[in-house]
Structures are given as C-alpha cells and as structure tokens.
There are 2 protein chains.
Amino acid sequence: MNTPAPAANPSTTRTLAGPDTPFAVVDVHKARRNIERLAARAGRLAVALRPHVKTAKSLDVAALLHDGSPCPITVSTLAEAEAFADGGYTDITYAVGIDPRKLPRVVALLRRGVTLRVLLDSTAQAEFVAEASRQAGVPVPAQIEIDCDGHRGGVEPGAPALCEIGRILHDARCLDGVLTHAGKSYFASTAEEQRLAARNERDAAVTAAERLRAAGLPVATVSVGSTPTAHAAEDLTGVTELRAGTYVFFDLVMAGLGVCGIDDLALSVVVTVIGHRSEYGWIVTDGGWMAMSRDRGTAAQTQDQGYGLVTDLDGTLVPGLVMTAASQEHGTLTARDGARLPELPIGTRLRILPNHACATAAQHQGYQVIDSARASDPAPAIQTYWNRVTGW
Amino acid sequence: MNTPAPAANPSTTRTLAGPDTPFAVVDVHKARRNIERLAARAGRLAVALRPHVKTAKSLDVAALLHDGSPCPITVSTLAEAEAFADGGYTDITYAVGIDPRKLPRVVALLRRGVTLRVLLDSTAQAEFVAEASRQAGVPVPAQIEIDCDGHRGGVEPGAPALCEIGRILHDARCLDGVLTHAGKSYFASTAEEQRLAARNERDAAVTAAERLRAAGLPVATVSVGSTPTAHAAEDLTGVTELRAGTYVFFDLVMAGLGVCGIDDLALSVVVTVIGHRSEYGWIVTDGGWMAMSRDRGTAAQTQDQGYGLVTDLDGTLVPGLVMTAASQEHGTLTARDGARLPELPIGTRLRILPNHACATAAQHQGYQVIDSARASDPAPAIQTYWNRVTGW
C-alpha cells in the first residue's frame, strides 16, 4: 500500500500526459549535460570529483556520473551510504558531523569493504571515533570539518582545536583529512563573489591541511566544494577533491546566481490545472507544497520566483507565469506584472521548475525520466522510472 | 564525556534513545486528547465530524478517531482514498478539485462500494464528472466547492455559476452538496476573529446550499471546516458535517493562534546534537529541513518559532531554545534573547516541535509511537511503529 505505482498502467503510459499528477520528472539529457560540464571543469582544474548524491538520491541518476560504474561519492545520510554500498559503491564520504551512536553502522560498512569516511569538528567526536575504532579493530577514516565562512559546522582553520582533533584521530589511525563547504556561496550573487568564495573555500581547507601537516599529522584528503564554488573555482592547488550535488539537476536558486541557465534545469514537477479564479488572476493546479516542498530559496534573490516557474509539457517557459502560492495539494499560478494570464483549460498539464532541487526531489518517491534530446510528440516520451533512497 | 547508548537494534530498541535520528514521534496520549476534544465539540454542536486524514496519513492514527472502526473521512489524494478503502473505510470525501483524468480511479473505488465524493468548482469539471458517470453507469457523487474567504478555489455563494454547476450535476444524478474551507482562518490571530471566520464559513456554505435548493437542486451535504474554525464555531445550523485535520497532532502555528497549547502538540522529531559553535551561540543537530520540512508557518505570527521549539526527550521544553536555521541534514539551535544556551553534549537527544504538522509528518515514512500517560524511565518507551501512506 505504501509502494507508489509509477503509473496507472505501465503498458499504455508512455508520455508525460499519462501518469496521474503531480509527479517528478528528470530530463536525462539535461542531467548528462550538467554532469559533463562539471566533469570537464574538474579535469581542467586537475582535481578529482566526488559528487554529492543527496540531491537525486538515486542509483540510476548516479550511474550517469561515471558511465554506469561506481565512482567516489558524498552522502548526507547513512541510508544513502548503505543503499549505494549495496549498489557497488565503495568510496563514500558521509558529510554530516557524526553522531557517535551511528558509528556501529559505519563500522558495519567498513567491514563490508566500503571506505566510508565520517566528518567531525570536535575533540569529543574524535574520541568517540577513536574508541569505536579500537573496539572494532577497524580504523574509522575521519575528516575534520573546516569552517570557511561561518555558515554551519566546522572548526576555523586557525583554531587550536584543529590540531588537538587531528592528534586524537592520528593516534587512532583514523585521520584522513579535512573537508570544507562554502555554504554561504549560495548567497554569492555575482560571478566575482562566487570566485572569491571558491578561493576562500580552497584557502581554508589548504591552510588547515598545512597546519596539521606542520604538526606532524599526515593529511591525505583536502576536500572542498559546493555547486556555486565548484563552477567558479580558478585554482585548486592543494585540493585533492571537489564536491557538488545540486549541479546534476540545477534549480532556480542556481539559475538566479547565474551558475546555470533556466534551460539547464533537469528536474521539474508535472501538475494539472484544476481550477480558475479569474477575479483574482489565479490558475489553480493539483501541485502544492507536497509536490514542490515549502522551499522558497529564491525569495532572498533579486528575482523571487515564488514556488517555481511554469513550462508547458515540452519544457517551454510559459512567459510571465509563476507559482506564487501553495497549500498541501493546491498550487496557485499568477501572471507577473504586465504578463497576460494564459488560457489554460481544466486538465491542462504543466511543469513547474523548482527553487531547490534537493527539497523538491525529496517530496517524491522517484522520477519519471524523459530525454529532451529525442524528439517526441505530442508529449515527451517516458523512458523509464527511477527510484529514490528514502529515510535515514 | 557522555557515552552514547548502544546502536539501534530492533530487538533492544524500546525507548526514544534507541532508533537512529532523526525520526518522527507521535504521542498517542496527546493525539487521543486532541481527538476527544473536537469530538466533544462536534457533539455539542450537533454536527457530524469528518476528520481530514491528510496530516497523519496513517490508518493507525485514524483508528484513534472512532475506537478503531472506520468513520467518515476526508482525504487530499487518491492514494489516501485507496489506502483507506483497503483499510475498510467506505465514506470518503476527496477534497481537492477533481482533475478529470483521475475519474477512472474514482469510478474504480465507487465500484468497490466506497462512497467517494469529488470536489469541483466549474461547469467544465461538472461536465467531465457527468460524462464519466454516464460512461461508467455509476453516478460520481460531487460537491461544489464554495469560496468563503478568497483563499484558494471555489465559487462564491452568490455566483451565477453555482446553480449552473448544480444543474449539470443534478441532471447526471451526481449532486451531493457543497463544501467550503476557511483557509484564511489560519491567519485569524484572535479568538474573536476565529469565531467570525467560523460564522462566515457556515454562512457561505448554508447560503450556497439554500440557493441551490431554491433552484430545485437538492443538497444533501453541507460541509465546512478547518482546524481553527472547527474549534471556534458557536452555531452550525444548516451544516451537516465538520472537517478538520491538523487538530489530531496540532502544531506551533495552531498554538500561536491559541487553538491549542504547546503541551497539546502530539508530533515531534527526535534529533541528536552533533556540534557546537559557541562563538556564534549555536548548537548543531542532525535534524535539518529533510526532517522538519521547510515550513516556516510561524514566521507570519507574532511569535516566530523558527523551524521549531526544542524539548528534552521527555517532552519538557528547553527554555528559550529555538531551531533557527536548517540545511538538508543540519539544524541550528540558538537561545532567544536573554536565554542561556544550555550545555548539551555531543550525542544529546532532543525533540523539535514543528511549525506545521502536515508538512513535517510528510518528511517521514512513519512514526515511532509513545504514550506520555504511561510513566517511563529513563526515556519514553516506544509502543509501536505506524506507517504513513505516501505518493499520489
């Protein structure tokens, strides 16, 4: 009962006009193009790429990253780590500060032959990791989270705690390296600010690594990244790997920052017109926040895109139409100042481009997959259905 | 240093200290109390209750509504309708404007003996429903959505379209009645405003019903409701049923409106402290927006509660502590002005009370269930696990 059927009738549902709305769609052509773009960048910067799979949470999407074979990945939950380990991935970084109670699941993955690195930013966590490693007889590889911009977690590159943590980890054969994430780059609104954020991110990680090395603590991994900085970095000398996640799908927040164009967005949600309130200038759809999430990431940007921009089923923008309000299963579309409210009869299907791909994707159990590089008529053909990993 | 409890192990995990965080918890004692409160109100108002199951989306939670036996319910998706039909529920209203393409699933449920009513607010939808009924040889019972406060969908009680829609439905033997929802009551910040919203909601529905009847169109159901108006209504003469959903769990938005107290909140999310940034006054947890949702419903209220208030594992509020920021798997707790940031070591478990129960519950596959009426030590005992219905 809790397993969603991808379509009412798989044998006849072959286009986006088929499955009951709302549902999430991935355009594999755009995802591939986004993946190739960053892979080429990483090649030019001579740095390894470790994509973050928390956005798509899909083994099928991840298969696009490296021609179908497992590559190094970053995860946001142990559920992802376990699902990707089941899928043959053996080089995984769990990039959320470790809760000591989760270490038995980490050890279980290590014993399966998965190199699973944990993240931490305190001597208390380092002691837990060291103790768990000693008890298990298996060193848990750990990275020290470096705070480069006051965004969230981490120790500052110059903090005394850095080398204390490094020493505890090194003594337990757990020290793998340092990791930082320029979380504030999501608010860097110009290309120059994004370049500065990338430089600052690199400098913080490399400075921390050098401090550890100067204290006699070997550092293998120097990991940096966010989707904006990964696309802005000019020099990653001293960095061993680059992380990014949202870039596979991109979203309106990234488009608002200029990191991508609207045409690069690979994730959307198909909805149906279920009502009109012409006295208010509203078109009502069956896609509310349950389908889009409550994320309003563009509200802080120059151009607020509401809950999303609207395209037709083929992906062509409907000029001036914005999803401006959401309740659980209702979306309200309105025309921006000056734009004409189009005539869209009851039953018309539309696609909504989301603010934040991670949040919108998380509202769905999986994706209907289309390929906009293949001509199809009258509506984009569904190639397949891809499941997501859920839970923690 | 605190020693974390042993890892999650289904055979030994019997308290909230057990399962890996984050996870959702329902306090069945509080849910029962909330259910009894509204049931008693409906009894005094001499109106039938049709709870909305879209908040909990759980057959187990619904079993609390009517001593374990199926009762009339409201749903927000056909997936809910189908799951509850499988669970023996036969009296269901699908309270989102009908997408004509979904009518085959509606007809399939009717053929199974489920009285499934659909909602609509246009002659176009009425024609689709009439045509589907004729083709199926089964009348699809339909309600006309009435707009009482300019919130979302519906026709106004005095609109000419009302009787046109009613006529189309009646001619196809589909007309069941009218339904309205005082969506704006979620912004009615005083008890008096809520009483006025309830009166207005009733008046709109009854006026519409009387207009239809005066036109010779029989109206069986006159349905009103929202959690605030259901708790504020003083006189429901002419109304046949009352709907509400959030009231089973309640949330900080409802507490902010004074509809409930903080102590009535039956849903929370258990998180773990994974870091400290004393220089910023932050405690970092492993519960981000993936666990809480992006809903910031209290931001528009007098007291903005951030992403939620914080309690200890027993449910006692930690004074002044608020979850003020969220990324995907990180939550940031800060002290309100004047409050002291408590010392909460790495590994400490806390519970977060959400802004919006519907949105937070939707981030989870199910609920760990506790009963705060039963004494338990050192942490609340887990009674059972309840699944949610997902998808559309």
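## Close-up views of a two-chain model

**A:Arg173 lies in the loop that runs between α6 and β7 (175-180) of chain A.** The phi angle of A:Arg173 is near 60°, which is a positive value in a residue other than glycine. For comparison, most residues other than glycine have a negative phi, and most peptide bonds are trans. The model is a predicted one, in which local features need pLDDT of at least 70 and side-chain atom pairs count only at pLDDT 80 or more, whereas totals for chains, interfaces and linings use all residues. Residues are numbered from 1 along each chain as its sequence is written, chains are lettered from A and ligands numbered from 1 in the order in which they are written, and side-chain values use heavy atoms, with hydrogens and water left out.

**A cis peptide bond leads from A:Thr21 to A:Pro22, and another joins B:Thr21 and B:Pro22.** In chain A the omega angle of this bond is near -5°, and A:Pro22 belongs to the segment before β1 (23-27) of that chain. In chain B omega is about -5°, and B:Pro22 is placed in the segment before β1 (23-27) of chain B.

**Helix α5 (residues 123-136) and helix α6 (residues 160-171) of chain A cross at roughly 5°, and their axes come within 9 Å.** This crossing makes α5(A) roughly parallel to α6(A), a term that covers angles under 35 degrees. The axes are lines fitted to C-alpha atoms, for helices over the stretch in contact, and the angles, from 0 to 180 degrees, are taken between N-to-C directions. On the α5(A) side the contact (heavy atoms within 4.5 Å) involves A:Thr123, A:Ala126, A:Glu127, A:Val129 and A:Ala130, while α6(A) contributes A:Glu164, A:Ile165, A:Ile168 and A:Leu169. Six of these residues are nonpolar, one is polar and two are charged.

**Chain B can be superposed on chain A by a turn of 180° with a shift of 0.0 Å along the axis, giving an RMSD of 0.0 Å.** This is the relation of a two-fold axis. Among the residues of chain B, B:Arg294 comes closest to the rotation axis, its C-alpha being at 2.5 Å. Both copies use the same surface, since 88% of the contact residues of chain B recur in chain A.

**The contact between the chains draws 69 residues from chain B and 63 residues from chain A.** The buried area, which is the accessible area (1.4 Å probe) that two parts lose on being put together, summed over both, is about 5500 Å², and carbon and sulfur atoms give 55% of it. B:Arg101, B:Arg152 and B:Trp392 supply 14% of the area that chain B buries against chain A, more than any other three residues. Ten salt bridges are found across the interface, each with a side-chain nitrogen of Lys or Arg within 4 Å of a carboxyl oxygen of Asp or Glu. The side chains of B:Asp295 and A:Arg294 meet in a salt bridge, with 2.8 Å from N to O.

Conventions:
Helices (H or I, at least four residues) and strands (E, at least two) are DSSP runs, numbered from the N terminus. Angles under 35 degrees count as roughly parallel, over 145 as roughly antiparallel, 65 to 115 as roughly perpendicular and the rest as oblique. Ala, Val, Leu, Ile, Met, Phe, Trp, Tyr, Cys and Pro count as nonpolar, Asp, Glu, Lys and Arg as charged, and the others, Gly among them, as polar. Copies are superposed by least squares on the C-alpha atoms of residues with pLDDT of at least 70 in both.
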